[in-house]
Amino acid sequence: MRRKRNILIASISLTALAFYFLQITFVNTVLAVGQNVPDLLLILAIFVGFRLGPMPGSIFGFVAGFFQDVLTGFYGLQSLTKTLVGFFSNLFINQRVLLIEKYYFPLIVLIGSLLHDAFYYWFQSLGSKLEFGSLFLQYGVVNSFYNGILAFLLYLMTPRKFLDFVHYDPRHEFDY
């Protein structure tokens, strides 16, 4: 069981590094539509939280957000919002959802992105002249739809073998 856990952590870490590299080199420049940019690490944080549970999702969200905070210089906000989204994305899971996950996962990403962006832009508007409503409508809603569409495409490109592999239950670690 520990071998599977280690392989899972290594594969998600490598995916996160690849997504981080793609985000700063390709997505932020080529896929950006005006100021709206999809967030690959947010999609991965939702995937980890959805598939592996609230604790791995929140830990992954914190680490991914921390590395994004390093890029923006606004420390803590990405970490906090991605931690929350990674934690709460597991609330959507049940057995029926897994059968139609290909169509359901983009909807989860859309909802998770809306929550992420609502929280993110609400914090940014505190103590500044920026208005939350206009920030959220102009950037948050568009980015969320963009993330949902990209999540659908990424889900279609993900090998089925990997999706079957990512059903790790951390509670089994403590069964002795």
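The expected span of a helix is 1.5 Å times one less than its number of residues. The model on display is a predicted one.

Select helix 1, residues 2-27, to begin. Its 26 residues should span 38 Å at 1.5 Å a residue, and the 35 Å between its end C-alpha atoms agrees with this. Next, colour the buried residues of helix 1, namely L8, S11, I12, A16, F19, Y20, Q23 and V27. These buried residues pack against helix 2 (40-52), helix 3 (54-72), helix 7 (132-157) and helix 8 (160-165).

Now display helix 2 together with helix 7. Two packed helices are described by the angle between their axes and the distance between the axes. Here the axes of helix 2 and helix 7 cross at roughly 65° and come within 10 Å; the crossing is right-handed. To see the contact, show the side chains of L40, L42, I43 and R51 from helix 2, and of N147, L150, A151, L154 and Y155 from helix 7. Seven residues of this contact are nonpolar, one is polar and one is charged.

Centre the view on F105 as the last stop. Leaving aside residues up to four places away in sequence, F105 touches I43, I46, F47, F50, A151 and Y155.

Technical notes. Residues are numbered from 1 along each chain as its sequence is written. This is a predicted model: local features need pLDDT of at least 70, side-chain atom pairs count only at pLDDT 80 or more; totals for chains, interfaces and linings use all residues. Side-chain values use heavy atoms; hydrogens and water are left out. Helices (H or I, at least four residues) and strands (E, at least two) are DSSP runs, numbered from the N terminus. Buried means under 20% relative accessible area, exposed over 50%, partly exposed in between (1.4 Å probe, protein chains only). Contact means heavy atoms within 4.5 Å. Axes are lines fitted to C-alpha atoms, for helices over the stretch in contact, and angles run from 0 to 180 degrees between N-to-C directions. A crossing is left-handed if the near helix is turned anticlockwise from the far one by less than a right angle, and right-handed if clockwise. Ala, Val, Leu, Ile, Met, Phe, Trp, Tyr, Cys and Pro count as nonpolar, Asp, Glu, Lys and Arg as charged, and the others, Gly among them, as polar.
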